[in-house]
Amino acid sequence: MLPVPDGLDGMRVDAGLAKLLGLSRTVVAELAESGDVLLDGRPAGKSDRLSAGVLLEVTLPDPDNPVEVIAEPVEGLRILHDDDDIVVVAKPVGVAAHPSPGWTGPTVVGGLAAAGLRVSTSGAAERQGVVHRLDAGTTGVMVVAKSEHAYTVLKRAFKERTVDKGYHAVVQGHPDPTRGTIDAPIDRHPRHDYKFAVVAGGRPSVTHYEVIEAFRAASLVDVKLETGRTHQIRVHFSALRHPCAGDLTYGADPVLARKLGLTRQWLHARTLGFAHPADGRWVQFEAPYPEDLSHALDVLRAES
């Protein structure tokens with residue numbers, strides 16, 4: 001941890017740290033995207049500005065213990081679409097998008113490697129081809145770039161928010177109004193570093209929702225993300241006092257979770273739409289509900 005030098009005042013994080021640490025801007029951008037660059041204890045984006053004197057903390061990969069992609073089959077990983085530029089998958093629960101320090105479970109990139117699929121070599125070695133991520137505990141549709149061109153185009157599309165990301169969530173209670181927008185900034189939780197929270201001065205975060213089915217104790221909600229902050233849907237609905245069913249980290253009722261047979265949040269990346277990097281035509285993909293989420297819905301419907 002060190003204060004930002006005066007000479008870097010006002011520079012972008014990626015440019016300033018590349019100069020300070022002797023790394024490429026791409027590597028610094030990957031570190032920032034992974035939450036490994038902190039300014040005064042808060043995660044910094046690659047395009048954020050440095051301020052002289054602010055405490056800087058950068059977590060670099062351990063060169064003696066590099067994170068490696070291990071090609072091993074991933075149970076339940078379904079390929080929804082595969083062409084020369086992209087592969088679209090339905091990610092099962094308990095699977096990370098890519099390897100990271102401390103993660104010993106299966107990964108999407110490892111599963112694709114085991115299936116013999118070549119992906120883009122852009123990005124850090126362990127994250128090659130990954131243009132967006134889902135939490136390990138969140139299921140649903142993900143796209144991975146296979147060509148270098150697709151990686152560049154899709155990274156830009158996610159950054160510029162031209163991608164249509166549709167989620168389904170079962171939240172406790174009944175949101176009022178039944179259709180609305182949650183516009184509340186998100187940052188690290190002030191007391192619990194493993195969580196996020198609505199925090200004044202946090203990163204702008206916008207979630208659009210509409211209730212599509214109401215039950216006695218909960219509601220099935222269609223969610224569209226305008227931004228893509230870590231845990232955004234979970235944090236926003238928790239802030240409304242309607243946490244995702246099963247999401248004990250963000251205040252869900254453990255009694256209801258047990259009744260529904262949930263061991264994680266009821267949250268599913270249902271659809272993903274974007275301009276295909278090869279020719280610009282709009283494509284959209286949909287991932288069916290996994291068994292645990294379908295079972296929870298059956299229980300809710302039976303009681304309503």
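Which residue in β4 is the bridge partner of proline 3? I will start there and then move along the chain. Please keep in mind that this is a predicted model.

The answer is leucine 55, which is the bridge partner of proline 3 in β4. The two strands concerned, β1 and β4, run antiparallel and are joined by two bridges. Strand β4 covers residues 55-58. These strands belong to an open sheet of four, in the order β1-β4-β2-β3, with antiparallel pairing. At the edges are β1, residues 2-3, and β3, residues 42-43, and each of these pairs on one side only. Helix α1, residues 13-21, packs on this sheet. The helix touches β2, which is 37-39, and also β4, and the direction of α1 makes about 75° with that of β4.

Lysine 146 is in the loop between β7, residues 139-145, and α4, residues 148-159. Is lysine 146 buried or exposed? Lysine 146 has a relative accessibility of 8%, and under 20% is the cut-off, so this lysine counts as buried. What does lysine 146 touch, if we set aside residues up to four places away in sequence? There is a run of aspartates, Asp82, Asp83, Asp84 and Asp85, and the list also includes Ile86 and Val87. Further along the chain, lysine 146 touches Leu117, Arg118, Val119 and Ser120.

The other loop residue is histidine 132, found between α3, residues 108-114, and β7. Histidine 132 is buried as well, with a relative accessible area of 12%. A polar atom of the histidine 132 side chain lies 3.0 Å from the backbone nitrogen of valine 143. Leaving aside neighbours within four places in sequence, histidine 132 is in contact with Val141, Met142, Val143, Phe158 and Leu272.

Eight of the nine residues of β14 are buried, so the strand is largely enclosed by the rest of the structure. Which strands does β14 pair with? I will go through β7, β8 and β15 in turn. With β7, β14 pairs in the parallel sense, over two bridges. There, threonine 139 stands opposite histidine 268 of β14. With β8, residues 164-172, the pairing is antiparallel and runs over six bridges. With β15, the strands run antiparallel and five bridges join them. One of the residues involved is phenylalanine 274, whose bridge partner in β15 is valine 283. β14 and β15 form a hairpin with six residues between them. In the turn, glycine 280 has a positive phi of about 80°.

Now the aromatic rings. A pair of aromatic rings is described by the distance of the centres and the angle of the planes. How many aromatic pairs are there? The count is three, and I will describe two of them.

One is formed by tyrosine 209 and phenylalanine 237, and this pair is edge-to-face, with 5.6 Å from centre to centre and 70° between the planes. The pair links distant parts of the chain, since tyrosine 209 is in strand β12, residues 206-214, and phenylalanine 237 is in helix α5, residues 232-239, 28 residues apart. Both tyrosine 209 and phenylalanine 237 are buried.

Another pair is phenylalanine 274 with phenylalanine 285: the ring centres are 6.0 Å apart and the planes are at 40°, so this pair is tilted. Phenylalanine 274 is buried, with a relative accessible area of 1%. Phenylalanine 285 is buried too, at 12%.

There is also a charge over a ring: the charged end of arginine 270 sits over the ring of tyrosine 289, 4.4 Å from the ring centre.

Last, back to helix α5, which carries phenylalanine 237. Seven of the eight residues of α5 are buried, so the helix is largely enclosed by the rest of the structure. The buried residues are Gln232, Ile233, Arg234, Val235, His236, Phe237 and Ser238. After α5 comes arginine 241, whose phi is positive, near 70°.

Terms used:
Residues numbered from 1 in each chain as written. Heavy atoms only, no water. Phe/Tyr/Trp six-rings, centres within 6.5 Å; stacked < 30°, edge-to-face > 60°. Buried < 20%, exposed > 50% of the residue type's maximum accessible area, 1.4 Å probe, protein only. Lys NZ or Arg CZ within 6 Å of the ring centre and 35° of its normal. Pairing = 2+ DSSP bridges. Contact = heavy atoms within 4.5 Å. Axes fitted to C-alpha atoms, helices over the stretch in contact; angles between N-to-C directions. Polar contact = N/O pair within 3.5 Å; in protein donor to acceptor, adjacent residues only side chain to side chain.
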